[in-house]
Amino acid sequence: MANTIANVPLITAQSSWAQKKKECDAAFAAYNRHDRDVREPLEIEFARRWPAWPGELTAADRVAASAWSKASGREAALARSEELCDRWSDLQTELLKMPTDDPEGIIWKLDFLMSCDDGWLDPWSVDIVKPALEDVRRSLLAGKKSSARHHVLGDAV
């Protein structure tokens, strides 16, 4: 079958938002899996071996702890956790800034604004709030336009 405009899927802003949401969810799941399966067990073992605060360790313990961190993969696991967290956070920020007309997407954004206190992102920055408010405005005005259209058509029938 020849590629024609009729058989090429239409990519809309909405499908782009939905795809970005899937990417964000997958990044969050990857971060959580890594944290649970890799980083946390290493942190538990590290704390078992060196229960004192790093500043309270002797010089010899600091050297041993550093060597163990490298050899056990803890150092690499911490770096990987940071990479995965950065990826998830970047996708989340992109998602918050992307326009959406999907009611679930708008609700997700508003829920985020009302519940974010993790210190990673200031949800009340203009860059985050403005797109969410534009989505709400578009959605509400679209409802008003379709309602007005229905009323006019209803009168004509």
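## Contact between helices 3 and 4

In this predicted model, Gln 92, Leu 95 and Leu 96 of helix 3 are in contact with Trp 108, Lys 109 and Phe 112 of helix 4. Helix 3 covers residues 74-97 and helix 4 covers residues 103-115.

Two packed helices are described by the angle between their axes and the distance between the axes. For helix 3 and helix 4 the angle is about 120° and the axes lie 10 Å apart. Roughly perpendicular covers 65 to 115 degrees and roughly antiparallel begins over 145, so helix 3 and helix 4 count as oblique to each other. Their crossing is left-handed.

## Asp 37 in helix 1

Asp 37 belongs to helix 1, which spans residues 13-49. Its relative accessible area is 47%. Since buried requires under 20% and exposed over 50%, Asp 37 is therefore classed as partly exposed.

The side chain of Asp 37 also forms a polar contact, at 2.8 Å, with the side chain of Arg 36.

## The chain as a whole

The chain contains five helices and zero strands, giving the order α-α-α-α-α from the N terminus. Of its 157 residues, 28% are buried.

The accessible surface amounts to about 10900 Å², and carbon and sulfur atoms account for 61% of that area. Where contacts link residues at least 6 apart in sequence, 64% of them join residues at least 24 apart.

How values were computed:
Residues are numbered from 1 along each chain as its sequence is written. This is a predicted model: local features need pLDDT of at least 70, side-chain atom pairs count only at pLDDT 80 or more; totals for chains, interfaces and linings use all residues. Side-chain values use heavy atoms; hydrogens and water are left out. Helices (H or I, at least four residues) and strands (E, at least two) are DSSP runs, numbered from the N terminus. Buried means under 20% relative accessible area, exposed over 50%, partly exposed in between (1.4 Å probe, protein chains only). Contact means heavy atoms within 4.5 Å. Accessible areas come from the Shrake-Rupley method with a 1.4 Å probe; for residues, only the protein chains shown count as cover. A polar contact is a pair of N or O atoms within 3.5 Å; within protein, one must be able to donate a hydrogen and the other to accept it, and residues adjacent in sequence count only if both atoms are side-chain atoms. Axes are lines fitted to C-alpha atoms, for helices over the stretch in contact, and angles run from 0 to 180 degrees between N-to-C directions. Angles under 35 degrees count as roughly parallel, over 145 as roughly antiparallel, 65 to 115 as roughly perpendicular and the rest as oblique. A crossing is left-handed if the near helix is turned anticlockwise from the far one by less than a right angle, and right-handed if clockwise.
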